[in-house]
Amino acid sequence: MVERQEQTAPDAVLTRIGQVVMLHHGGDREEARSRFLDLWAEIGEDGDPLHRCTLAHYLADTHDDPADELAWDLRALSAAEELTDGRPGGDPASVRGFLPSLHLNLAADYVKLGRAEAARSHLRRARGTARVLADDGYGAGVRSAISRLALRLGEDGGPGDEDWPPGR
């Protein structure tokens, strides 16, 4: 029974990240950035990859400078890749649905920085990983954002996009 309780106990770090996300969504971007950075210092570069991925993903959104946003989004992707590359302790299922959004964010970062080819590369990766998204509001929102960015980049599919759009 104790083992089962430990498995279902909430993750305190993810709970704290969620609380700061709510603060950020409430409009206090500076305070959210400060608290996220404090959490990052606590977790560290070698902390749990799921924590680092989640934290870096949300921390990127608190930055005005596209280069800073890109740096945090790259950290998020790097941590996500640790979870999906078969390393011990990794849980690919926990992050698989996050990959389309991570690649989409990187594509958007590269657009802001005027790096269209890098943006297209991550857009293709976002499309390629989007097939794992559920048919729910989150999945629809990410797929819609991918389509909008594709239009902005003049993309209508390409290498690696054989299954795009979904159901084709």
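Me: Which pattern does the chain follow, read along the sequence?

Reply: Read along the sequence, the chain runs α-α-α-α-α-α-α-α-α, with nine helices and zero strands, where helices (H or I, at least four residues) and strands (E, at least two) are DSSP runs numbered from the N terminus. This is a predicted model, in which local features need pLDDT of at least 70 and side-chain atom pairs count only at pLDDT 80 or more, while totals for chains, interfaces and linings use all residues. Residues are numbered from 1 along each chain as its sequence is written, and side-chain values use heavy atoms, with hydrogens and water left out.

Me: How much of the chain counts as buried?

Reply: Of the 168 residues, 41% count as buried, where buried means under 20% relative accessible area, exposed over 50%, and partly exposed in between, with a 1.4 Å probe and protein chains only.

Me: And the largest nonpolar core, how many residues does it have?

Reply: It has 41 residues, and those with the most contacts inside it are Phe36 and Leu102; such a core is a set of buried Ala, Val, Leu, Ile, Met, Phe, Trp, Tyr and Cys residues joined through side-chain atoms within 4.5 Å. At least two residues of this core come from each of α2, α3, α4 (49–60), α5, α7 (99–112), α8 (116–129) and α9 (137–152).

Me: What is Phe36 in contact with, leaving aside neighbours within four places in sequence?

Reply: Phe36 is then in contact with Ile17, Val20, Val21, Leu55, Tyr58, Leu59 and Thr62, contact meaning heavy atoms within 4.5 Å.

Me: Switching to aromatics, how many aromatic pairs does the structure hold?

Reply: The structure holds one aromatic pair. Trp40 and Trp72 form this pair, which is edge-to-face, at 5.0 Å centre to centre with 85° between the planes. For the cut-offs, rings of Phe, Tyr and Trp (its six-membered ring) pair if their centres lie within 6.5 Å, and planes under 30 degrees apart count as stacked, over 60 as edge-to-face and the rest as tilted.

Me: Where do Trp40 and Trp72 lie?

Reply: Trp40 is in helix α3 (residues 29–43) and Trp72 in helix α5 (residues 66–84), so the pair ties together parts that are 32 residues apart in sequence. Both Trp40 and Trp72 are buried.

Me: What sits over the ring of Trp72?

Reply: The charged end of Arg75 does, 4.1 Å from the ring centre; the criterion is that NZ of Lys or CZ of Arg is within 6 Å of the ring centre and within 35 degrees of the ring normal.

Me: Which residue caps the N-terminal end of α5?

Reply: Asp65 caps that end, through a side-chain oxygen that lies 2.8 Å from the backbone nitrogen of Ala67. As for the length of α5, its 19 residues should span 27 Å at 1.5 Å a residue, and the end C-alpha atoms are 27 Å apart, which agrees; the expected span is 1.5 Å times one less than the number of residues.

Me: Now α4, how many of its residues are buried?

Reply: α4 is mostly covered, with 10 of its 12 residues buried, including Cys53, Leu55 and Leu59. At the start of α4, a side-chain oxygen of Asp48 reaches to within 2.7 Å of the backbone nitrogen of Leu50.

Me: Last one: is His24 buried or exposed?

Reply: His24, which has its place in helix α2 (residues 12–25), is buried, with a relative accessible area of 18%. Not counting residues up to four places away in sequence, His24 touches Arg29, Ala32, Asp61 and Thr62.

Definitions and conventions:
Polar contact = N/O pair within 3.5 Å; in protein donor to acceptor, adjacent residues only side chain to side chain.
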